[in-house]
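User: Could you show me how to read a sheet and a chain contact in a model like this one?

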Amino acid sequence: MTEPAFPPIDLEVPAHEHAKRLRAGDYTARALAEATLARAHAQEPALHAYIAFTDHEALAQADEADARLASGDAGPLTGIPIAIKDLISTRGVPTTAGSRMLDGFTPIIDATVTARLRTAGAVLVGKANLDEFAMGSSTEHSAFGPTRNPWDLERVPGGSSGGSAATVAARGVPLALGTDTGGSIRQPAALCGILGLKPTYGRVSRFGVVAFASSLEQVGPFGLDAEDVGNLLGAIAGLDECDSTTAPMPVPDYAAGLERGLEGLRVGVPDALFAQGLEPGVAAAVEEAIVVIEANGATVTRGVELPTASAALPVYYLIAPSEASANLARYDGVKYGFSDLDGPSSVEEMSRTRGRGFGDEVKRRIMLGTYALSAGYYDAYYRKAQQVRTLIRGEFETAFGQYDLILTPTTPGVAFRLGEKTDDPLAMYLNDLFTIPANIAGIPAISMPCGFSEGLPVGLQLMARPFEEETLLRAAHGYAAVTDWHLRRPPPADQAGERP
Amino acid sequence: MALSTEDVRHIATLARIDLADDEVERMREQLSGILEHFETLAAIDTEGVAPTAQTFDLTNVEREDASREPAGRDDVLRNAPRKDGPYFRVRAVLD
């Protein structure tokens, strides 16, 4: 066996460190892509974080990145490997949404976020696993089988962007994109011990993202630190004429203001919002984090009132399924994807296609939404939920008059066991109790690692005013400067003998 | 609010989802439980409160009315389960 010509590439470092080393010529984007793919493939039997790898595309993109690096035309993401949640369209690469319903479907367009990553020179290594149509909090609802949590392979990584979170946490890839409709970036980030950010509604284009709940969802970044999360957000954010809900505001340089840290920030803690059902180990980690945040220049006020925010869960589970029932009406077996062609009539074919193509959770939510929108129930359910949404949004607006950030735990508990909640949809929904309010109010929120309970990561959530992602990132950067939770990594998933 | 089996079958018909008998019963139990949880909303006073459909108050976003190349027809049809020349093929809708 011959010695490698270069020392092995350190895959433990964040993306901005790879960017520096690529520019310095320590290694090529091609070598980084090969090393990353080798590790991600080796971890796959244990984690199942991917629905598909895109080795061929990745190596071609890496070669292009090397050409740009050589010519001095490289940005922070040029040559950086990235995983994309398989809800996001990739031209010429099948996109499944984690569902049998999209069998055989290959997008003829790139989502705007995919196109922007290509422009930035990022290297797409694969399509990450997810709950079917992003409906779920554990990635167990994927038609392609569950992803496992790298901290404990018997536990879920969270969801719906569980594949994206698991592969970044395992250092299989330094960056990933997810989507967040009710917590689908922040909850898996918390359960896997990494950072995840849901941008303000309208900050990032949804064009080319398989639609679930159009008024709630956003695409957002996963990473190992605030600088990486900021750089990835900066690459995908901004106005898009293909999505008329995108905001015309300029996109700031999110990495620029990080050094301001926690100094002078006013943080409000709505204790009553997370009083019920919180695991003691999670509560202890969050209390400790609050002490650290206060000791490092922020002012913390307890007992902030957000009385209606506790009703965000039922509001969400009326609005999201209602929007889903309309969005998923497009899966009729005619235009693309799975089709049951054996029905006796057109309507029968459609019903059989949908009955066989959708998984249980998706059917449940379509049914729930169809019911909430049906004659006689619209006012009592859908309209009522939208009115309560107005009240919740108003409460946040009031609170943000006094505070720059609202702090909560990201989740009520740490990662649960596979199968523990699959038979009880309501227990699964309660996972999203603290993350849902930000989607209802349309505000940005981040989850960052803040400790451990039972040997599993705990996430801290910060929420900010609309379009103040910079405040979230500087706070996360400031907290990480005085703690080392974000540096803890799970045991290697590609070496079965070394698991705890 | 407890749903009946007939309610579930009616919703499934509206949603165009073919459900097996055991699915109907499971769906009835689960949806009834979820709807019961939603009854907490009824206690919230929303008299005179306007509904929020989206949180970012943009209205009437316009762009220049310029024509562009559409997606290629052949590309679109490549994903179709059943086609006939340049058309999607479907069963007769009327008897």
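Analyst: Happy to! In general, strands of a sheet pair through backbone hydrogen bonds, either parallel or antiparallel. Here chain A has an open sheet of 11 strands with mixed pairing, in the order β1-β3-β2-β4-β6-β5-β10-β11-β9-β7-β8. Strands (E, at least two residues) and helices (H or I, at least four) are DSSP runs numbered from the N terminus, and two strands pair if DSSP finds at least two bridges between them. This is a predicted model: local features need pLDDT of at least 70, side-chain atom pairs count only at pLDDT 80 or more, and totals for chains, interfaces and linings use all residues. Residues are numbered from 1 along each chain as its sequence is written, while chains are lettered from A and ligands numbered from 1 in the order in which they are written.

User: Which strands stand at the edges?

Analyst: In chain A, β1 (50-53) and β8 (299-302) each have a single partner strand, so one side of each is left without a neighbour in the sheet.

User: What joins β7 to β9 in chain A?

Analyst: Two bridges join β7 (266-269) of chain A to β9 (405-409) of chain A, and these strands run parallel. A:G268 stands opposite A:I406 in β9(A).

User: How many residues of chain B are in contact with chain A?

Analyst: Contact means that C-beta atoms, placed from the backbone, lie within 7 Å. By that rule, 42 residues of chain B are in contact with 54 residues of chain A. On chain B, α1 (5-15), α2 (21-38) and α3 (73-78) are the elements giving two or more residues to this side. Of these, α2(B) gives the most, with seven residues.

Terms used
Two residues are in contact if their C-beta atoms, placed from the backbone, lie within 7 Å.
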